[in-house]
Amino acid sequence: MDGEALAAYIRQVLAPKLLPGTVVICDDLPARCNKDAARALKDVGC
């Protein structure tokens, strides 16, 4: 999975199911160091 696909997954699938304050842990794979994915999580309060 590349960074763009990860960001899309987080925005469309994961983030809508998360509650504010949820901690999401990602390993250090470069695809997971994605600013769009991080923004999507921050936007829902994670």
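I started with I10, which touches A15, P16, A37, A40 and L41 when residues up to four places away in sequence are left out; a contact here means heavy atoms within 4.5 Å. A note to myself before going on: this is a predicted model, where local features need pLDDT of at least 70, side-chain atom pairs count only at pLDDT 80 or more, and totals for chains, interfaces and linings use all residues. Residues are numbered from 1 along each chain as its sequence is written, and side-chain values use heavy atoms, with hydrogens and water left out.

**Overall look.** I find two helices and zero strands in the protein; these are DSSP runs, H or I of at least four residues for helices and E of at least two for strands, numbered from the N terminus. The C-alpha atoms fill a box of roughly 25 × 20 × 15 Å along the principal axes. Of the contacts with a separation of 6 or more, 83% join residues 24 or more positions apart.

**The core.** Which residues make up the largest nonpolar core? I get eight: L6, A7, I10, A15, L18, A37, A40 and L41. Helices α1 (3–14) and α2 (35–43) are the elements that give two or more residues to this core. For the record, such a core is a set of buried Ala, Val, Leu, Ile, Met, Phe, Trp, Tyr and Cys residues joined through side-chain atoms within 4.5 Å. Buried means under 20% relative accessible area, exposed over 50% and partly exposed in between, with a 1.4 Å probe and protein chains only. Buried residues make up 26% of the 46 residues.

**Helix α2.** Its buried residues are A37, A40 and L41. Seen down the axis of α2, they fall within an arc of 95 degrees, so they line one face of the helix; the arc is that of the directions from the helix axis to the C-beta atoms. On the other side of α2 I see K35, K42 and D43 exposed.

**Helix α1.** I list G3, L6, A7, A8 and I10 as buried here. What do they pack against? The partner is α2, and the buried residues of α2 in turn pack against α1.

**A closer look at K35.**
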